[in-house]
Amino acid sequence: ATPTAVMVATGVGASNGVLIKGGDALERAQKVMYVIFDKTGTLTEGKATVTTAKVFNEMPRGDFLKLVASAETSSEHPLAKAILEYARHFHFLDKPSAVVDATCRKESVISGWLYDVDDFSVLPGRGVQCFIHGKKVLVGNRKLMAESGIVIPDNVENFVVALEESAITGILVGYNTELIGVIGVADPLKREAAVVVKGLEKMGVTPVMVTGDNWRTAKAVAKEVGIQDVRAEVMPAGKAEVVRLFQKDGSIVAMVGDGINDSPALAAADVGMAIGAGTDIAIEAADYVLMRNNLEAVIMAIDLSRKTFARIR
Ligand code: ADP
Ligand code: MG
């Protein structure tokens, strides 16, 4: 293709909300054989909502939610945001609406109702940990509980399995060596996700899903969207490994992601595509930025490259 054709294609991309960082990236996209999608925030809306909150000991529901929200208050994770919103609604539900409005408007006041938190830390791919009133609070997945020696009783495990089988992520809450509750969080698929997956297959491109979430939820989501090849319970560093695995036989691989934990994979991919609404670090690591938060742009990008570099016969 001539420099003019590349310039035209870059312009066409831009006017369709696809920013292309250079002619090399534009050229590589035509040969993509695999598109690896991150799950949370990429295939899904990333606007998680709490569907259930179950306490397994005698702690009052309000106190339980306040405890979990306090532990998550410094986390940037979409799951944390969902929990905070749910807990905040529960807490302010019986207050006059003027109070709720005023409180919800001022971020600084919002945290006023939460417990004081000590020694907060984020454990990537697992959850968060802190101390509240001298007691250790853990919010996250099975791995997090196992690492801290918290046993998951059978009735809790059964409850979580049932959530996961219906595409919901079960978040476990450990308090002072005991598993005290579970919060179920649903994150709906983007409305165009299934169509885009089908479209890629029609183009001869194989879609793959990679996620840090558990296998059961991941498989349920993959089934919904129509992706056969799933890699779940992948730690942040492991996502780049998955990309390299698909590249091994010389295949050209695209990665689509939105999070900090996707940036090594976006950099490792032949074609990194970041969701424009995602993290700055992901956007920096990518070759393409999808400004409209719509996955149809993935198809458009490959199509544009194919058309621009198609040999004139
Ligand atoms: P993804 O690859 O889907 O974006 P992450 O690597 O961010 O997922 O997280 C993997 C899993 O770790 C989540 O599904 C969740 O179970 C747990 N987790 C991570 N961060 C948090 C958090 N702030 N609160 C609760 N659980 C979390
Ligand atoms: Mg994500």
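Leaving aside neighbours within four places in sequence, with which residues is V35 in contact? V35 is in contact with L200, V205, P207, V208, A254, V256 and V298, where a contact means that two C-beta atoms, placed from the backbone, lie within 7 Å. The points below set this residue in its surroundings.

1. Basis of the note. This is a predicted model, in which local features need pLDDT of at least 70 and side-chain atom pairs count only at pLDDT 80 or more, while totals for chains, interfaces and linings use all residues. Residues are numbered from 1 along each chain as its sequence is written, and chains are lettered from A and ligands numbered from 1 in the order in which they are written.

2. Overall form. The C-alpha trace of the chain spans about 75 × 45 × 30 Å along its principal axes. The secondary structure comprises 15 helices and 13 strands. These elements are DSSP runs numbered from the N terminus, helices being H or I with at least four residues and strands E with at least two.

3. Of the 313 residues, 43% count as buried. A residue is buried if 20 or more other C-beta atoms lie within 10 Å of its own, exposed if 12 or fewer, and partly exposed in between, with C-beta atoms placed from the backbone. Among contacts in the chain with a separation of 6 or more, 59% involve residues 24 or more positions apart.

4. Domains. The domain assignment gives domain 1 (3–45 + 189–309) and domain 2 (49–186); such bounds come from an automatic or database domain assignment. The centres of the two domains, taken over C-alpha atoms, are separated by 31 Å. At their boundary, 13 residues of domain 1 are in contact with eleven residues of domain 2. On the domain 1 side, α3 (39–43) and α11 (215–225) are the elements that give two or more residues, and α11 gives the largest share, five residues. By class, this side has four nonpolar, six polar and three charged residues. Here Ala, Val, Leu, Ile, Met, Phe, Trp, Tyr, Cys and Pro count as nonpolar, Asp, Glu, Lys and Arg as charged, and the others, Gly among them, as polar.

5. The largest nonpolar core. This core holds 88 residues, of which V35, I36, V68, I83, A254, M255 and M273 touch the most other members. Helix α5 (residues 78–92) gives the most to the core, with seven residues. Domain 1 and domain 2 both give residues to this core, so it lies between them. A nonpolar core is a set of buried Ala, Val, Leu, Ile, Met, Phe, Trp, Tyr and Cys residues joined through C-beta atoms within 7 Å. In soluble globular proteins, nonpolar side chains tend to be buried together.

6. Helix α4. Nine of the twelve residues of α4 are buried, so the helix is largely enclosed by the rest of the structure. The buried residues are F64, L65, K66, L67, V68, A69, S70, A71 and E72. They pack against β3 (49–55), α5, β5 (127–132), β6 (135–140), β7 (169–175) and β8 (178–186).

7. Positive phi angles. H133, in the loop between β5 and β6, has a positive phi of about 50° although it is not a glycine. A167, in the loop between α9 (154–165) and β7, also has a positive phi, near 65°. H133 counts as exposed, with 12 C-beta neighbours inside 10 Å, whereas A167 is buried, with 21 other C-beta atoms within 10 Å.

8. Two buried positions. G170 is found in strand β7 and counts as buried, with 23 C-beta neighbours inside 10 Å. Not counting residues up to four places away in sequence, G170 touches V160, L163, E164, V182 and G184. S263 belongs to helix α13 (residues 263–268) and is buried, with 26 other C-beta atoms within 10 Å. With the same exclusion of residues up to four places away, S263 touches I281, A282 and A285. S263 and V182, 81 residues apart in sequence, are 30 Å apart in space, C-alpha to C-alpha.
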